[in-house]
Amino acid sequence: MTRCLDCGALRTAGQCSQCGLTSPAAELMFRRRLLTRTAIFLAGSLLLPYVSQIYPPLDLDLMLVFFGLLFFVALGLAILLDRRARKHLEIEAIKRVYWAMVPLPLILAAGLFANGRFDSPRNISYHPTTVDSRYYMKGIIRGSRRLIVISWRPGQHVERLAVDSDDFARFHDGDAIVVGTEPGALGIPWYYGVYRR
Ligand SMILES: [Zn+2]
């Protein structure tokens, strides 16, 4: 073993010259840190679906695909780190990548919240359109309800609106509707509401 598991300093003796921890102590410290940061990562990952229901971005599904990938890569790294630390193998590079990923769900959730919260209702624009179909997927937390409508954006066929259960029950295929959207304080367009025409 060449590096201290906890602080990453090069280690020549049984005790780390940087942090003073012995090899088993450094493993314990690292394991604790891994657990705490993984808890932070999971908390952010639970928060994100909630925030995305309050101010749902128009491109939510695309974001969720991206986030799903990030989620599984991060968890994979956490498992890998745990295994490698147990065997006292080199972990510095993986550790740095994982530490950098830990705050991402929280940053994403905070970004989506600020994007909707600091947008002005004066910015709402209304788009007349038609319901194409509806989509419901059961989920662990709340499930996903989508109203799929003909898009008003150039180069886009449909919009998949993340509606709540009331709006999901209220509208049916072929209904003439008006969709209210806002540009987003951070430039992420989000869906404000849906109304009958
Ligand atoms: Zn150390």
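**Helix packing and the zinc site**

Author: In this model, helix α2 (residues 60-86) packs against helix α4 (residues 104-117) at an angle of about 160 degrees, the axes lying 11 Å apart. Axes are lines fitted to C-alpha atoms, for helices over the stretch in contact, and angles run from 0 to 180 degrees between N-to-C directions. The model is predicted: local features need pLDDT of at least 70, side-chain atom pairs count only at pLDDT 80 or more, and totals for chains, interfaces and linings use all residues. Residues are numbered from 1 along each chain as its sequence is written, and side-chain values use heavy atoms, with hydrogens and water left out.

Reader: Why are α2 and α4 called roughly antiparallel?

Author: Angles over 145 degrees count as roughly antiparallel. The angle here is about 160 degrees, and α2 and α4 are therefore roughly antiparallel to each other.

Reader: What makes the contact of α2 with α4 nonpolar, polar or charged?

Author: Contact means heavy atoms within 4.5 Å. M63, F66, F67 and L70 of α2 meet L104, P105, L108 and L112 of α4. Ala, Val, Leu, Ile, Met, Phe, Trp, Tyr, Cys and Pro count as nonpolar; the contact therefore has eight nonpolar residues, no polar and no charged.

Reader: Why is the site of the zinc ion called tetrahedral?

Author: Donors are N, O and S atoms within 2.8 Å of the metal (3.2 Å for Na, K and Ca). C4 (SG), C7 (SG), C16 (SG) and C19 (SG) coordinate the zinc ion at 2.2 to 2.3 Å. Four donors count as tetrahedral if all angles lie between 85 and 135 degrees; the angles here are 102 to 113 degrees, so the site is tetrahedral.

Technical notes: Helix = DSSP H or I, 4+ residues; strand = E, 2+ residues; numbered from the N terminus. Parallel < 35°, antiparallel > 145°, perpendicular 65-115°, else oblique. Tetrahedral: all angles 85-135°; square planar, octahedral: opposite > 155°, others 65-115°.
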